[in-house]
Amino acid sequence: MQLGEVAHSRSGDKGNISQISVIAYKAVDFELIERAVTPERVKRHLGLPAAVVIERYVVPGLNALNFVLSGALGGGVTRSIRLDAHGKTLAMQLLDLELTTSIADETA
Amino acid sequence: MKTVRIGCGAGFAGDRIDPAVELVEKGQLDFLAFECLAERTIALAQLAFQRDRRTGFDPLLEQRMRAVLPAARSNGVRIISNMGAANPLGAAREVTRLARLLGIRGLKIAAVLGDDVLAPVMAGLSPLTDRVGTVADLQPHVISANAYLGAEAIVEALDLGADVVITGRVSDPSLFVGPMIHVFGWAADDWGRLARGLAVGHMLECAGQLTGGYFADPGRKDVHGLARLGFPFAEVDEDGNAFFSKVTGSGGRVSVESCKEQLLYEVLDPAAYAQPDVIGDFSKAVLTDAGPDRVALSGIRGFPRPEQLKVSVGYRDGFIAEGEISYAGPGAADRGRLALEIVRERIALLGLKLAEIDLSLIGLDSVGLRRKPAEPSEVRVRVAARTFDKRTAQQVAHEVEALYTNGPAGGGGVRKSVREVIAIASTMIGRDAISTEICMEES
């Protein structure tokens, strides 16, 4: 099962930090999402460089996870040379993350 | 219980104008706020102001105000906006002139001054908060320094009877918190109510992003009527509890899902959303369906406001060159990759000194960071480079254009651009270094 089947997502930016929310459509799926969508898996799925530091906050009342990706935006929107300098497209790129694959399978 | 209705008429400088007209005409609003000042816009405005003292405010000010002032006047809707950018007084005078032109007399227009902190910031060695170093390291390239003011000066202007309040840099949610404090008289240390007000402002400030914009995903999150998307308003009670909605009949959708996305949007630690008026704790927030296109927010808590204010320092940061060219048909991606290789080699041959380069194929890996998809039927080569001088940037862009006759087969549709980079660094300033002032005009 892919993340996008049970959750929606939005990305924003603050300087060189990308922020990505992952929100369960239904409360019943939140536990699985919380277990599967770890900072490590987000980093690997988005192909982010090792230097990017990811913090994850849990907001249970919204059935949401909030990811804060420091150093992920090529210097931030005011100076990045990337096409999507805001990282607006990042949230949707998370949605085909496989929830049922374990990290061990991925590494193998 | 007393309530107030506050709408959002713009979520960024380039936002649509007609949804604000719809709100002011049909939203039964008390206040309408326009958030139009992105981080670096004020630095660009400062450059314009230095060249011509009649500019320095939002270039769309006249157009937006012309569209909403008549209905705002007849419906008693008061307006707050940061469209003053680097010249709030000039903007207020422009609105005054426009009001007279439209036959609107006795309209009180306030300019909020005091966010320009270039002198005190550059006089010291304030540490940068988003990188190593101090503001002195950015010299001689610094253009502007503006503090994110809170709601106080907006409240003062409204208390003085302003119908229109024009600011420069203030925190975006404060544009909405200001009218709430003005109407409800919340104490400066009433952190709970201020935090609820902050959450309301935060939800509204991106306009269409609350009502179904930046949200639609066909088949998963369907939204109807995006071409006539309605902008949001909040109905707030004196404790700061709020319902979010939009004008009946407008396009879009206010749903629990869209509200959840916006509540977390650009919030880092949800338990500590630090803004000049208060620190909001959104970590226990609850959003509930309260009817068609109507959502209630609760569970917001507040903590004492930060001691210092955030300051955005605008500075010149070299140049960015961009060049693009398309390839199509069998082998399009291979020809695109060849084109990138050629440009890379040309830059080395010419000995061009670049700060940074990004070579990508739009359709393959320009915004997506990881995939190897099936062979596409077309790709668009994109070369972007940051340079230390304009001449080098022009040479990089030229090398993409030269692919027309010197590159792989069938390259078409070249676009190239060179622009100076005005970047932003952040620092902090003590509240005691700030003094605000209200200038009142009348039409």
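Tutor: Two residues are in contact if their C-beta atoms, placed from the backbone, lie within 7 Å. Helices (H or I, at least four residues) and strands (E, at least two) are DSSP runs, numbered from the N terminus. Axes are lines fitted to C-alpha atoms, for helices over the stretch in contact, and angles run from 0 to 180 degrees between N-to-C directions. The model is predicted: local features need pLDDT of at least 70, side-chain atom pairs count only at pLDDT 80 or more, and totals for chains, interfaces and linings use all residues. Residues are numbered from 1 along each chain as its sequence is written, while chains are lettered from A and ligands numbered from 1 in the order in which they are written.

Student: Which strands of chain B does helix H3 lie across, and at what angle does it run to S2(B)?

Tutor: Helix H3 of chain B, residues 61–75, lies across S1, S2 and strand S3 (78–81) of that chain, and its direction is at about 175° to S2(B). Helix H6 (residues 152–159) of chain B lies across S3, strand S4 (108–113), strand S6 (164–166) and S18 of chain B, at about 155° to S4(B).

Student: In what order do the ten strands of the open sheet in chain B stand?

Tutor: Two strands pair if DSSP finds at least two bridges between them. In chain B the order is S11-S12-S8-S7-S1-S2-S3-S6-S4-S18, with mixed pairing. Strand S11 (286–289) and strand S18 (437–442) of chain B are at the edges with a single partner strand each, so one side of each has no neighbour in the sheet. From one strand to the next, the twist averages 20°. Within this order, strand S1 (residues 3–10) of chain B and S2(B) are joined by four bridges in the parallel sense, and Ile6(B) is opposite Phe31(B) in S2(B).

Student: Is Cys36(B) buried or exposed?

Tutor: A residue is buried if 20 or more other C-beta atoms lie within 10 Å of its own, exposed if 12 or fewer, and partly exposed in between. Cys36(B) counts as buried because it has 25 C-beta neighbours inside 10 Å. Cys36(B) belongs to the loop between strand S2 (31–34) and helix H2 (41–51) of chain B. Leaving out residues up to four places away in sequence, Cys36(B) touches Ala10(B), Phe12(B), Ala13(B), Asp58(B), Ser81(B), Asn82(B) and Met83(B). Cys36(B) and Met83(B) are 47 residues apart along the chain, yet 5.8 Å separates their C-alpha atoms.

Student: Which residues touch the most other members of the largest nonpolar core?

Tutor: A nonpolar core is a set of buried Ala, Val, Leu, Ile, Met, Phe, Trp, Tyr and Cys residues joined through C-beta atoms within 7 Å. The largest one here has 156 residues, and those touching the most other members are Leu32(B), Ile154(B), Val165(B), Ile166(B), Met203(B), Ala234(B) and Phe244(B). Strand S14 (residues 308–328) of chain B gives the most to this core, nine residues. Domain 1 (3–114 + 149–306) and domain 2 (316–422) of chain B each contribute at least three residues; such bounds come from an automatic or database domain assignment. The centres of these two domains, taken over C-alpha atoms, are 40 Å apart. Ile166(B) has contacts beyond four places in sequence that include Ser81(B), Met83(B), Pro88(B) and Val112(B).

Student: Why is strand S16 of chain B described as largely enclosed?

Tutor: Strand S16 (residues 378–387) of chain B is largely enclosed by the rest of the structure because nine of its ten residues are buried. S16(B) pairs with S14(B) in the antiparallel sense over ten bridges, where Glu324(B) has Arg382(B) as its bridge partner. Strand S15 (residues 354–362) of chain B also pairs with S16(B), antiparallel and over eight bridges, and Glu356(B) is opposite Arg386(B).

Student: How many residues does each chain bring to the contact between them?

Tutor: Chain A brings 30 residues and chain B brings 43. S1, S2, S3 and S4 of chain A each supply at least two residues of the side touching chain B, and S1(A) has the largest share, five. Those four strands form an open antiparallel sheet in the order S1-S2-S4-S3. Helix H9 (residues 256–264) of chain B lies across S1, strand S2 (17–24), S3 and S4 of chain A, at about 150° to S2(A).
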